Each structure stands twice: as structure tokens, then as C-alpha cells.
Amino acid sequence: MSDSVPSYGVLADPKDPLLDLALDLQWAWNHSSDEIWGLIDPELWAHTHNPWFVLQTASRTVLDTIHADAEFQKRLTTTIGHRRNIYESPTWFATTHPNSPLTSVAYFSMEYALSEALPIYSGGLGNVAGDQLKSASDLGVPVTAVGLLYQRGYFRQVVDPDGNQRALYPFNDPTQLPILPVRTPSGEWIRVTVQLPSGPLVLRAWQARVGRVRLYLLDSNDPVNSPAARGITSELYGAGIELRLQQEIALGIGGWRLLVALGKSPQVCHLNEGHAAFAVLERAAAFRRDHKQPFAAALAATRAGNLFTTHTPVPAGFDRFSPDLMHHYFAHYADQHLGIPFDQLLALGQDGGPEFNMAHLAIRGSGAVNAVSRLHATVSRALFQPLFPRWPKEEVPIDPVTNGVHVPTWDAPASDELWTAACGRGRWRGDQQGLEAKLRTATDQQIWAMRGHIRADLVHEVRRRTARQGGLCATAARHLLDPNTLTLGFARRFATYKRPNLLLSDPDRLARLLSNAERPVQLVVAGKAHPADGGGQALLREWVRFMQRPDVAGRAVFLCDYDLDLAQSLVQGVDVWINTPRRPWEACGTSGMKILVNGGLNLSELDGWWAEAYSAQVGWALGDGNEHGDDPHWDRAEADQLYHILETEVVPQFYDRDWSGIPSAWVARIRESMARLTPQFSSNRSVREYTERYYIPAALSYGQRAEAHGALGAKLVAWREALDSGWGHIRVAKRQIESTATGHRFRLHLYLDDVPADGVQVEIYADPLHPGEPPFRQKMDLCSELAGITGGFCVTAEVPNDRPLEHYTPRVVAHHEGAVTPLEASHILWL
């Protein structure tokens, strides 16, 4: 593969270090090069934050002049040296796991939020993916990412004076994005092909450099394709279920074929949501072809290296396709590439209904499944329990890895200075040990001064954006907001389950809060409603119209076109971030995490990440920690609670100053939130957690199953087939249960018939005594074979008598040393 830089109209010398610098998206979080791009074209840089585009438009004269400037050369040399030092320094992964079996992770996601210069994202899923790639680069984790290049990203927003939203779809010109075509050493553009019912679909490959990580993007806008096929990657989450299926075929099947074409052999495949689940089929198909194994054995071998991360808290969030549509697109694929009947492929995504569910395929094709917060793991176990019939909800095999954010992307210059003074440089590229204690040494004066600087920067940015979007004339915009006033922030997708108008439930009460002359409050709101969501757009209109009230003039503002750049300004500058989703419908939520590094405080519903992060020392909580559905009475009660917290706790504490003008109790809360929560809810922590809990074990497990052309995979298939054929014949012939002073004793005569004894485990089970605790499980001992009975055994166990006998139940479950149960075999029999 070639990394050569095409001209694309760029007038810089091909050996100019600016080219290499411009095409490395590390500038999205390492801001040492910002001044360089500003010197070339300050207006364009401020407007686009796209170094590659700045170079595209610079004339030869400008470039020659800037290179002749000694000060510019000094800054460029310093920046290049700083970048080189980062890349040449030992990484966390190399130093912590020098002998790791892990050499390659393939990361699949439908969207990535890396920079506004590469607009291929819509929201939270893309933010998580982008931040994880950045931390993988920082930590040296060997990740290669795969996605799609959309001709139009998520829509841009315009809002008229009446609050009506209009969606715009600017074209993404690939030549103006910081990406390159992927070429062979001879210069040929790499393309992969997938077969659709209408004919072959050719997908062109592009690459973006995200520090040490490479992100490969596929697009269908190749002239060899038909007009309809060229439009498959036209729009992120394009309208229509068939287009969604085509996009997911391109991502999963086309994406895995691209990795093969690049000569990559990932041990681990991380599916960031179910959109890319077809990758598990293509991976198994490639293994089948290379090792001459049937599909079942190939899937058993490869699934050990697959990890599925679910982000969805409601069944409606999973992509589903009808059997007819699946047959139209996959009948030939099942026969020719998998060697199985179509109905067998369809069954991998079904569960009790006819539709094909991408999340079900991902679960049945993976060796591990995780949710994105502790609460979301509980919700997900309930959602997916039907895939594991008769298993207790607590044992549905889904564990949490709570999301985190890439701290250097979201910190303000002033907060970066404070953290650097306390914790040193490179703090987010290691294991974060000691950061909490070091940050606590920051003084009240340092923390409060930092907050003043960042809040003033936000006020300046709000005034600039408001004047630009036409809401106010330039003169009026200069008087909008006050840099010394308590600033609340509220920005998110406008959807009914997020309850964006909970704060607006009593407009007069909110207006009184904002207009208090002695203790004023100001509010910045931003967000988009999906173009097809009329209810969400109606909620947005209510906010815009509220901002037009004379009694809140200058105190509240709605900012259009919420994107990464605007999000950075908001999460840096606001004092309090408000989040009001309906529990438990926010799987994790990361917007509130982004304010932590900057000393912002959270006032949020006890949902997602905040349910595990909250304590009274770090912020404020809404709700009672229970689910209430869409009960309007409860919504009103929570709205009253929100107003009460603001009126009696937040506002008074912010304005309660000591003789030096510092709100000491407020600053103490900031310090605790920054020190305790920033490292914990960083993508540095989440990527290290993924690496150590999932990637390394998955690489080891896949290596074992792939040995000898997948021999272990074939054995696991035989084990499951034996369970399937004989499970219905297992029974208990005799049981004896007694309670003694030392415990409860169980003795059973168990007939396994043709089921091998080493293929099952007999155990005693009891439900957890308290929420959040694991269930009780104890293996029963095989004391003897029953004389004269084939497959008959005596099993015994003694369990603690610290709980009643009726709490305990014997059971038989599938068991194999090389398998993950119940994920790979959900056989269970209660005795």
C-alpha cells in the first residue's frame, strides 16, 4: 500500500513537511500546529479547522513567502519535533504488554467523529468511535479502523426566527477532506467488490491517518457503478430500509474484504454497534475458504476473535430486515460464500420472529458482548434475554465497559495549562496513575481563574456565532451574555426521550431564574432534531420562541448547527451541564464527560454514566434512580426537582464568595469532579479496559481456535451437536436434600444418556441476595458412575446454610473448556 500524496491542486512541494502534518489528524487534538495553519490563512483556518484544505487553497506565492519567514520555520521545526517525540516515545501498550499475543484489531463503525474537517458522523456513536481511535493512537494499541465515506454527512441545520428547522446536505468533496486514496505500490487505486442483486458493487478505498491508527473508508461513488449504486454511500443513515441494508453490506462484507486486500490479518474484530455485523459472516467465509472448513466450524473458530459492543437501550434501535429482503440480497451469498442454505443464515439473526436482527447476528457471531455503562448492561441483559431462554437475567453474557471521552480533544487551553502544571505533559498517553492526587494540589485561585478564562472564551464565541448566524446584529451580539455570570449549557439531539424541554416545563419560573438581578443565570442551548422527527422539531421550536421573550433577552441563546466545533466551545465554557433523558433510555451519554476536564459540573438524570459517577461531592442528580416510563406526572415532578436544585443549591453556591471573590464550596466541588471523574471517564481508561479485558484474551482465544486449520472450532461444533441431540433426554432419577449444621447437602442420581459427561456441568444456583451482586454458583462433584446404567452418575454438593434451602436449585449447563457459555451454547436444565 502506498502513502504517496497526490497533487489534488496542492501547490506545496511534495517533500514539504506541511503535507505530512496536514494529513495526520493528530492536529484534531494536538494543537501545537494551530498557529502554523493560522499563519498561512487565518480566516480560512478559523472557519474550517482543516489544514489540508488550507494547503489546497494556498497559492505558491503564499507558501514560498511563509517558508521564507524565520519565525514560521522555527515554529514548524518545533511542531515537527514535538510530533516526532510523541511517535518515537514508548507507548503504554508496548511497555505494559511487551509479549502480548495481540498484534492487530479491526474496528468497524458506521460513523466516526474525528474532526469537523471530516464530517462522517451524526452523534454519540461517532463520538465514541472517534475518541477511541484517538486514544488507541495515544496508547499504541494496534487498531485499524473501517468505515464508510459519505458524499453527504449528517445534515447541517438552519433555524428560522419562528424556530422552524431546515436540513441542508453539503457535498463532501473527497479532495478537500484530509484523506488519501489507498493505492498499491504500483499506484493502482485499491477497490473491492461485493455482489448485489443488481450486479457487482465497486467500492473505492480511502485512508485517514489518526495518529498511529489508520482509518480506511469505503465509498460507492465510483463511475463504474450505476447511478443507484453510486448513491449507496451518498448519505449517513440514508432513508429507506433497503439502502440501510446496502450500506451495512458495504461496511461489513466490503470492509472485511478491504482488510484482506490490504494484506491484513486481524486477530480481533470489534463491532461498534450491530451495523457492521455482516463482517462476522465475511470473516467466517474467508476462514472457510482458506482452511477448507465448513461454515459452522469456521464461525466457531473466528467468533472467538469478535467483540460486539451494543449501544442501544431499546429494541426499536436495532436494525431489522425482512426475510424477503434478506433472501433477495443473501441467497446467493449463503450458497456461494458460506456453503449453507439461506435459512441457516437467516436463523443467525432471528429469534421467535421472522425479521433478521443485526444485533442478534452480532451476538451469535461474537465471543464477547459488552454494553456501554453499568446500567446499560442491566438493560441489555433484559433486552437480549430471549436469546438465552431459561437463563436468569443476571447471567445473560453482557458486561459493561463504560464509555469515555478523549480528554485532549475536549480540554480548553486554560484547563490544559492547569493540568500540565499539576500532572505534566503526556498524562493522557499512559496509565493515568497518580493523576487524581496531583490534580488535587491545584489551588482554589488557579481553578477559579481557569474557569473565568474559559467562560469568557465561550461568551466571545457565542457572540461571534450569533452575529454570524443572523440572530442579532453585530452591535447587539456584543452585549449577549456576561463572562461573570453562572452559565448553564444544554445541547443534544432533540428527541422526546431525551426530554430537552424538561427545563422549559415552567417558562415563567425559568425566566425568573435567568433574570434575577442579584444572582443572574444565563443559558446556552444547541441541538438538532432528526429531519423526520416532527416531535423533536416541535420541542426545538419551543426553545427558540422562549429565547425571544423580552425578559430573557441577552440571558439565553439558541445556537444553530450543533457540531464538533460548537460542542468543544460549549463543554469547555459552561459552568453546569444539564442532561435530562428519560431513564434508562440513554445507554451511556458522553456529553457530560467532556466538561469534566474543564471544571464544569453536571446536573443530570441518574441514567447512563452519571448513574455510576454521581456523588454529592461532584455534582447534582435528578430522579430517584428508578424507571417511570413516560409518565407525565413524573416528568412534572422531575421538572420541579430540577428548578428546585437550581434555585436552592446551584445558584446560591456559585455566588457564595469568600473575601477574595472565590466561591470556595463551588471550587471544592470542581476539584473533586475534575480529579476523581476525568481519568475515570476518559477513553484512555476505556481503551485500556477493552485491550486488557477483551482484545488480548480474544487474540489468544482466536489463535487457539485457528490452529491446525480450525481444529478446535470443529470440535466445538461437534460438542454443540451432541448437546442438541441428547439434551432432551437428561433427567434426574433420584434426589436427596438435607440441611445440617454445616450446610445444605444435595445428592442426585443424574442420567445424561448420550450427552458426554465432560460436555456439561452440574451445579447449584441461587439468585443474588442484593441488586448488583453476582448469583451464587457452585459446581457439584461427580462422586461415582451408577452401576449398570450408561450415562448415569451420582453428583453431590454442600452449599452454605446462611440462606434458606429453597433459595438453591440444581441445574445442568453446557460446559467446554474452550467455549464461552451461555454465549456459544445456551443449553440449561433446571433439576
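**Figure 1. Glu-273 in the loop between strand S9 (268-272) and helix H11 (278-291).** Helices (H or I, at least four residues) and strands (E, at least two) are DSSP runs, numbered from the N terminus. The structure is a predicted model, in which local features need pLDDT of at least 70, side-chain atom pairs count only at pLDDT 80 or more, and totals for chains, interfaces and linings use all residues. Residues are numbered from 1 along each chain as its sequence is written, and side-chain values use heavy atoms, with hydrogens and water left out. Glu-273 is not a glycine, yet its phi is positive, near 80°. The relative accessible area of Glu-273 is 7%, so this residue is buried (under 20% relative accessible area; exposed is over 50% and partly exposed lies in between, with a 1.4 Å probe and protein chains only).

**Figure 2. Asp-753 in the loop between strand S22 (744-751) and strand S23 (760-766).** Phi of Asp-753 is about 55°, a positive value although the residue is not a glycine. With a relative accessible area of 27%, Asp-753 is partly exposed.

**Figure 3. The cis peptide bond from Arg-583 to Pro-584.** Omega of this bond is near 5°. Pro-584 belongs to the loop that runs between strand S18 (576-579) and helix H25 (591-594).

**Figure 4. The cis peptide bond joining Thr-821 and Pro-822.** Here omega is about 5°. The loop that holds Pro-822 lies between strand S27 (809-814) and strand S28 (828-830).

**Figure 5. The protein chain as the setting of the close-up views.** The chain contains 29 helices and 28 strands. Its C-alpha atoms fill a box of roughly 95 × 70 × 50 Å along the principal axes. Of the 831 residues, 59% are buried. Among contacts (heavy atoms within 4.5 Å) with a separation of 6 or more, 72% are between residues 24 or more positions apart.

**Figure 6. Charged side chains of the protein chain.** There are 78 positive and 92 negative side chains, and the centres of the two sets lie 2 Å apart. Lys and Arg count as positive and Asp and Glu as negative, whereas His and the chain ends are not counted. The place of a charge is taken as NZ of Lys, CZ of Arg, CG of Asp or CD of Glu.
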